[in-house]
Amino acid sequence: LDDTLNNNPKRVMELSNHIISRRLKIEWVCMGRTDVLDEDMYRIMRRAGCVEIAFGVESLDPEVRCAMGKGSSVENVESVTKMTQRSGIEAKWYLMVGSPSPENLKSAEITARGLEKMRPNKIRVFKTIPYPGTTYFNNPSLHVLPEYQGKWEHWWANNMPKNPYGDLTGITYTDLMSAEEIERARQMLFTAHLRYGGAV
């Protein structure tokens, strides 16, 4: 598993060409960066059996992306999505809501409009969770609900089917978004995606 496979196009081309030359009949998926715009590479990846690339888009609100330290632009996200799809590979986006940044419900609206415009094939929408050891763990703007404080085993980015604390909408809130608003943002993104026929 390589979480940024396309980060080294030369290596990807070598790997793909080895798969092709050995006539290995396999299908595979990978994760990649949104700022690697090499259409020839994506075409060869498809010939080698790549069927899906998941990109860590997180948000399409430029202010939120800047606060997260995302190095690529929204234009990069659109370009790599279309480039991947033209190559015959499905583009999957990982999105995140509830980050300790300028993020609010308007940020989710921006991302929802971008989804309907750029139309990735699949999405997953995670809630920002301040796992121990991450940069968000001691962020003073990201708060954990009292029921979950210190109970790491129940810190999930998606709600689990059987929540031991009842029907909570999530485990975090921020200075700008309540737990309910974070869940509303998450549902907004799913709704926009499903409206154009996207898969989850």
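Trainee: In this predicted model, with which residues is I53 in contact, leaving aside its neighbours within four places in sequence?

Mentor: The model is a predicted one. I53 is listed with residues such as W28, Y42 and M45 among those with the most contacts inside the largest nonpolar core. Once the neighbours within four places in sequence are left aside, the contacts of I53 are C30, M31, G32, Y42, M45, T84, I89, E90, A91 and K92.

Trainee: How many residues does the other core have, the one that lies apart?

Mentor: The largest nonpolar core has 38 residues. Apart from that core lies another, whose members include I129, Y148, W155 and I171. The number of residues in this other core is seven.

Trainee: Are helices α1 and α2 roughly parallel or roughly antiparallel to each other?

Mentor: Helix α1 covers residues 9-21 and helix α2 covers residues 39-47. Their axes lie 8 Å apart and the packing angle is about 30°. Angles under 35 degrees count as roughly parallel. The two helices, α1 and α2, are therefore roughly parallel.

Trainee: Is the crossing of α1 and α2 left-handed or right-handed, and which residues of α2 make the contact?

Mentor: The crossing of α1 and α2 is left-handed. From α1, the contact is made by P9, V12, M13, S16, N17 and I20. By class, the contact has seven nonpolar, two polar and two charged residues. On the side of α2, the residues are D40, M41, I44, M45 and R47.

Trainee: Is E58 buried or exposed?

Mentor: E58 lies in strand β2, which covers residues 50-58. Its phi is near 70°, a positive value in a residue other than glycine. Buried means under 20% relative accessible area. The relative accessible area of E58 is 17%, so E58 is buried.

Trainee: Is R119 buried or partly exposed?

Mentor: R119 is found in the loop between α5 (105-118) and β4 (122-127). R119 is not a glycine, yet its phi is positive, at about 50°. Relative accessible area under 20% counts as buried and over 50% as exposed, with partly exposed in between. At 45% relative accessibility, R119 is therefore partly exposed.

Trainee: What separates the C-alpha atoms of R184 and A108?

Mentor: R184 has its place in helix α6, residues 179-195. With a relative accessible area of 48%, R184 is partly exposed. R184 and A108 are 76 residues apart along the chain. The separation of their C-alpha atoms is 9.1 Å.

Notes. Residues numbered from 1 in each chain as written. Predicted model: local features only at pLDDT ≥ 70, side-chain atom pairs only at ≥ 80, totals over all residues. Heavy atoms only, no water. Core = buried A, V, L, I, M, F, W, Y, C linked by side-chain atoms within 4.5 Å. Buried < 20%, exposed > 50% of the residue type's maximum accessible area, 1.4 Å probe, protein only. Contact = heavy atoms within 4.5 Å. Axes fitted to C-alpha atoms, helices over the stretch in contact; angles between N-to-C directions. Helix = DSSP H or I, 4+ residues; strand = E, 2+ residues; numbered from the N terminus. Parallel < 35°, antiparallel > 145°, perpendicular 65-115°, else oblique. Left-handed = near helix turned anticlockwise from the far one by under 90°. Nonpolar A, V, L, I, M, F, W, Y, C, P; charged D, E, K, R; others polar.
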